[in-house]
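Subject: Structure for your review

Dear colleague,

I am passing on the structure below, and I would be grateful if you could read the notes that follow alongside it.

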Amino acid sequence: MATLHERKTYREAIMKTLYEGMEGSGLPDVSGARLRDDLAIPEHDLAAACTYLVEEGLVTVRWAHGETPATVMLTHQGIRLMEAEEEDRG
């Protein structure tokens with residue numbers, strides 16, 4: 001099981017990747033396998049992070065078989081959070 005610091009880091013990395021992907025490619029969703037591989041997140045921890053973000057209303061997930069989501073997408077609330085963080089950074 002991941003530590004609290006690791007769990008927070010995973011969630012932040014997922015949000016950042018989704019936001020940057022949306023900004024760069026315009027695609028609203030990212031495959032769970034890509035998140036898992038690009039961010040080097042263990043499958044179980046990716047599932048836990050995505051579940052947490054869904055419960056917070058920040059992402060939607062289309063689940064596939066196993067623990068890796070088929071796709072993950074920012075919600076409107078998730079986009080607004082990422083935009084606010086971007087504005088805070090200047």
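A residue counts as buried under 20% relative accessible area, as exposed over 50%, and as partly exposed in between (1.4 Å probe, protein chains only). At 36% relative accessibility, Thr-9 is therefore partly exposed; Thr-9 lies in helix H1, where helices (H or I, at least four residues) and strands (E, at least two) are DSSP runs numbered from the N terminus. Thr-9 is 31 residues from Ala-40 in sequence, and the C-alpha to C-alpha distance between them is 12 Å.

Please keep in mind that this is a predicted model, in which local features need pLDDT of at least 70 and side-chain atom pairs count only at pLDDT 80 or more, while totals for chains, interfaces and linings use all residues. Residues are numbered from 1 along each chain as its sequence is written, and side-chain values use heavy atoms, with hydrogens and water left out.

For pLDDT, the predictor's confidence in each residue from 0 to 100, the protein chain has a mean of 92, with 97% of its residues at 70 or more. Confidence is lowest in strand S1 (residues 29–31), at a mean of 90, and highest in helix H3 (residues 43–55), at 97.

Glu-12, Glu-23, Glu-83, Glu-85, Glu-86, Glu-87 and Asp-88 form a negative surface patch (residues with over 30% relative accessible area and no salt bridge, like charges being joined within 9 Å; a salt bridge is a side-chain nitrogen of Lys or Arg within 4 Å of a carboxyl oxygen of Asp or Glu). Helix H4 (76–89) and helix H1 (4–25) each supply at least two of the patch residues, and H4 gives the most, with five. Glu-85, found in H4, is partly exposed, with a relative accessible area of 34%.

Best regards

Methods:
Patch = residues over 30% accessible without salt bridge, like charges linked within 9 Å, V, L, I, M, F, W, Y side chains within 5 Å. Areas by Shrake-Rupley, 256 points an atom, 1.4 Å probe, with all protein chains shown as cover. Lys, Arg positive; Asp, Glu negative; His and termini not counted. Charge placed at Lys NZ, Arg CZ, Asp CG, Glu CD.
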